[in-house]
Every structure is written in structure tokens, then in C-alpha cells.
Amino acid sequence: MIVTLTGFMGVGKSTIADMLARLLLCKYTDLDSLVEKRENMTIPTIFSEKGENYFREKESEILSEILQQKTNDLVILSLGGGALISHKNSELVKKYSTCIYLRADFETLSRRLVKGKRNRPFLSDISEIEEKEHIRNLFAIREEGYLKTAKHIVSTDDKNISQIVNEIIALL
Ligand code: S3P
């Protein structure tokens, strides 16, 4: 069984996936890290040197491989925040995994993102003024994909990591 975690940049998918896997004594895989490993480059470098389309191709290719691996083990797979804008990815995730959308308020997300924007290819080149509007637009587009794919929505606002993880475990 594969459990996929989706949600916007900065919601805490990797941290939550890591703790979830520890508690459930299972494997944790991160799609962004797999793309970085296969390309031997960081995500910001892939974006700047090869472009977003190239990144999306690799992201889809690896996602489809993992989802269609034959395994009876439980695996937690954390998806990059833009992985579900592709209809094909969304359909595959729905078919082969139980998808959880980790939701946070726009205000919470934009506060976190503004603090750590250097590693985010979508945010690193823009001014502070443009930033919030840009995050708002991205969030609206991304959220459509999360909502149409996820089986469960878990709100992360005002909750600590263990509360969120316990909520997820109760849903599985
Ligand atoms: C992206 C989100 C990132 C990463 C890439 C693109 C997006 O993942 O895949 O920078 O399009 O929203 P995180 O959500 O894990 O930061």
C-alpha cells in the first residue's frame, strides 16, 4: 500500500512523512529527492539549467515508476507541491495510492515561504511585493489538483506534528 502526502510548498510534507514512517515502521520516499538523485542536481539547478518542463517530465516518470512497483509493503511517498497539476499524475496517484492532502491556511503558508524562499525555484527571483500575490495564484492552481486527487484532507493549522500524524494514522 502506498500513502501519498500532497500539499503546497512549506506545509511540512517531508517532516510529516518522516514521522509517519517512523511510527508505522515503514519506508519513506520523497519524490523531489528522487528526482534530485536521478539527475544528480538540486531542484533549483534543474529549474534554472533545464527548465520547468524538464523537471515535470522527470517528476512524472519517477512518480509513475514508484506507484506501479509491485509491493505489499507500506510506503509513505511525499509529493512535490506541483506534482498534481498534471492530470495524468493525479489519475495515477488516485489509482495506486491513498492520497492525503495536508492543508494549511494561505496566510500560514505565505509566512513560512517568505522566510525560506531561497530553495524554492518559483520564489527566488521575485520582489517581496510581488511575492504574496504570486504565492496566492500558485496556491489556487495547485489546490485544484490536491482536492481532486486526495481521499482525505487533513488541516494542519494550529496543530503540532504528532497531532497531524496521529490524525493521518486514524484515517488509514
Ligand atoms: C514545486 C514544489 C516543490 C518542488 C519544486 C516545484 C511546485 O516541492 O517539487 O520546487 O511546483 O509547487 P515542495 O512542495 O516539496 O517544496
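## A cluster of rings

Ring pairs join F8, F106 and F139 into a cluster; rings of Phe, Tyr and Trp (its six-membered ring) pair if their centres lie within 6.5 Å, and their planes count as stacked when under 30 degrees apart, edge-to-face when over 60 and tilted for the rest. Before we go further, please note that this is a predicted model, where local features need pLDDT of at least 70, side-chain atom pairs count only at pLDDT 80 or more, and totals for chains, interfaces and linings use all residues. Residues are numbered from 1 along each chain as its sequence is written, and side-chain values use heavy atoms, with hydrogens and water left out.

## Tyrosines and phenylalanines in pairs

A pair of aromatic rings is described by the distance of the centres and the angle of the planes. Here the count comes to four aromatic pairs. Take Y101 and Y146: the ring centres are 4.9 Å apart and the planes meet at 40°, so this pair is tilted. The two tyrosines link distant parts of the chain, as Y101 sits in strand 4 (residues 98-103) and Y146 in helix 7 (residues 128-149), 45 residues apart. Helices (H or I, at least four residues) and strands (E, at least two) are DSSP runs, numbered from the N terminus. Y101 has 1% relative accessibility and counts as buried, and Y146 is buried at 1% too. Buried means under 20% relative accessible area, exposed over 50%, and partly exposed in between (1.4 Å probe, protein chains only).

F106 and F139 make another pair, with ring centres 6.2 Å apart and planes at 40°, so the pair is tilted. Because F106 lies in helix 6 (residues 106-115) and F139 in helix 7, the pair ties together parts that are 33 residues apart in sequence. F106 is buried, with a relative accessible area of 12%, and F139 is buried at 8%.

## Two residues of strand 3

I76 belongs to strand 3 (residues 75-78) and is buried, at 0% relative accessibility. Its C-alpha atom is 7.7 Å from that of L20, although 56 residues along the chain separate I76 and L20. Apart from neighbours within four places in sequence, the contacts of I76 (heavy atoms within 4.5 Å) include V3, L5, L20, L24 and Y28.

S78 is also placed in strand 3, and counts as buried at 1% relative accessibility. Leaving out residues up to four places away in sequence, S78 touches L5, K13, S14, A17, Y28, T29, D30 and L31.

## Around the ligand

K13 brings us to the ligand, since K13, D32, R56, G81 and R120 come nearest among the 13 residues around the ligand; a residue is near if one of its heavy atoms lies within 4 Å. The shell divides into five nonpolar, three polar and five charged residues. In this scheme Ala, Val, Leu, Ile, Met, Phe, Trp, Tyr, Cys and Pro are nonpolar, Asp, Glu, Lys and Arg are charged, and the others, Gly among them, are polar.

A polar side-chain atom of K13 is 2.7 Å from an oxygen atom of the ligand. For D32, an N or O atom of the side chain lies 2.7 Å from a ligand oxygen atom, and the side chain of R56 likewise has an N or O atom 2.7 Å from an oxygen atom of the ligand. The protein covers 92% of the 390 Å² of accessible area that the ligand has on its own, with areas from the Shrake-Rupley method and a 1.4 Å probe; for residues, only the protein chains shown count as cover.

Conventions. A polar contact is a pair of N or O atoms within 3.5 Å; within protein, one must be able to donate a hydrogen and the other to accept it, and residues adjacent in sequence count only if both atoms are side-chain atoms.
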